[in-house]
Every structure is written in structure tokens, then in C-alpha cells.
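Subject: Structure handover

Dear colleague,

I am passing on the structure we discussed, and my notes on it follow below. Please read them with the coordinates open beside you.

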Amino acid sequence: MADGHDGDRAEERSGEQPEERLGERSPERQQGLPRPLDAIDRDILHILHTDGRASIRSVAERVHVSRANAYARINRLIDDGVIRGFGARINHERAGQGASAYITLKIVQNTWRTVREHLRTLPGASHIALVSGDFDVLLLVHTPDNRALRELVLTRLQSIPEVLSTRTLLVFEEDDLEPES
């Protein structure tokens, strides 16, 4: 969501909008259960999922509420942890990350938190999930080439003491599913 629209910045300076900034979660809401979402909240989520750079003014106009109401609702969705952040969808191949793979891991029982911390530090790690089934963890990585992928798997992953085994599934082609506009 772009804060860079001059009209929205002027309103923030004039005090018309709440003092808190988008993206700042209040400590009391971090642990609590989220409030139920209404149709306007779901519409806002759809708009931001489709275009994370949409201005508050644009969102407000599209869901037929005031800018202050849209701002408050987006902040509440952030506060409640419904919106976890804003980012760009990246074409990994064009960004120099031409090799992608899903890697399955079997780990020592009850070591998920420790393994997760190791996996978070891996270069190119894009998604980490604790899953059920024949393996325990599913990891998506993007690396510059197969040599870097081999280094990541054989040196970095297999040196984690809690990792019992890995299986690498090369991605030949991938496509992010875009939300319908």
C-alpha cells in the first residue's frame, strides 16, 4: 500500500487521520483473537491483495467509505494480524534466481522451532511450512543456479543436526496465482 500519494500525506499532516501509522500493531492486539470480518473488510482485503500499492483514497472510494474509515479498517486488519505485511510479487528468474526447488525434510521429533530458526537464515528460502504426511517440513527456495542449490542442500541443510533426511524437487516452471480483479 503506497503512502506516497500527496493527498493522503496532507491529511496525515493535518491530523485528520489517526496518529498511529499503518503497519504498527498495538501490543494488546498482537496476542488477541481477531474480530470478525464484514463485507467491507473482505472487499478491502481483496483490493489490497490485488494491488498492495492502492492508496487509502482509492480503497475508500472502491468500498464506499470515508478515507478515515478505510484507514481505521486497514489499521485494524493489521493490528489483528489479518494483514501481515505488504510486498512485491517477484519473478525469481528475472531477478537472477533461476533455480527453484521444493525441499522436503524429515526432522527429529519436537525440533520444529529449532529447525525453523535455521531455515529462516538460509539464502533464498521463500516459504517454510510444518506439514503432516511422509515428511515434516516443506521448504521453497530460489537460488541463482543449480550449483548454489546443491551447496544449499548438501552443505547448509544437511549440516543441521535435527534434519534426518531431505528430498529435493526441482521446479521447472512456476506461476503465482493472481487474484481476480
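Helices and strands here are DSSP runs, numbered from the N terminus, with a helix needing at least four residues and a strand at least two. Please bear in mind that this is a predicted model.

I begin with the sheet. Four strands form an open sheet in the order β2-β3-β1-β4, with antiparallel pairing. Its edges are β2, residues 125-130, and β4, residues 163-171, each of which pairs on one side only, and from one strand to the next the twist averages 20 degrees.

Strand β3, which covers residues 137-143, is joined to β2 by five bridges, and among the pairs is Leu 130 with its partner Val 137 in β3. Between β1 and β3, which also run antiparallel, there are seven bridges, and here Tyr 102 has Leu 140 in β3 as its bridge partner. The β2 and β3 strands form a hairpin with six residues between them, and in the turn Gly 133 has a positive phi of about 120 degrees. Because six of the seven residues of β3 are buried, this strand is largely enclosed by the rest of the structure. Helix α6, residues 112-120, lies across β1 (99-107), β2 and β3, and runs at about 170 degrees to β2.

Since buried means under 20% relative accessible area, Thr 104 counts as buried at 8% relative accessibility. Leaving aside neighbours within four places in sequence, Thr 104 is in contact with Phe 135, Val 137 and Leu 138, and also with Ser 165, Thr 166, Arg 167 and Leu 169.

Finally, there is the largest pocket, in which about 1,400 Å³ of space lies. Its lining is made up of 40 residues, of which Ala 88, Arg 89, Ile 90, His 92 and Asp 176 lie nearest the centre of the pocket. Helix α3, residues 39-50, and the strands β1, β2, β3 and β4 each supply at least two residues of this lining, and the largest share, four residues, comes from α3. By residue class, the lining divides into 16 nonpolar, 14 polar and ten charged residues.

With best wishes

Technical notes:
Residues numbered from 1 in each chain as written. Predicted model: local features only at pLDDT ≥ 70, side-chain atom pairs only at ≥ 80, totals over all residues. Heavy atoms only, no water. Pairing = 2+ DSSP bridges. Axes fitted to C-alpha atoms, helices over the stretch in contact; angles between N-to-C directions. Contact = heavy atoms within 4.5 Å. Buried < 20%, exposed > 50% of the residue type's maximum accessible area, 1.4 Å probe, protein only. 1 Å grid on protein atoms, 1.4 Å probe; cavity = no way out; pocket = protein on both sides within 12 Å on 5 of 7 lines; lining within 4 Å. Points joined across faces, edges and corners; volume = space filled by probe spheres on them. Nonpolar A, V, L, I, M, F, W, Y, C, P; charged D, E, K, R; others polar.
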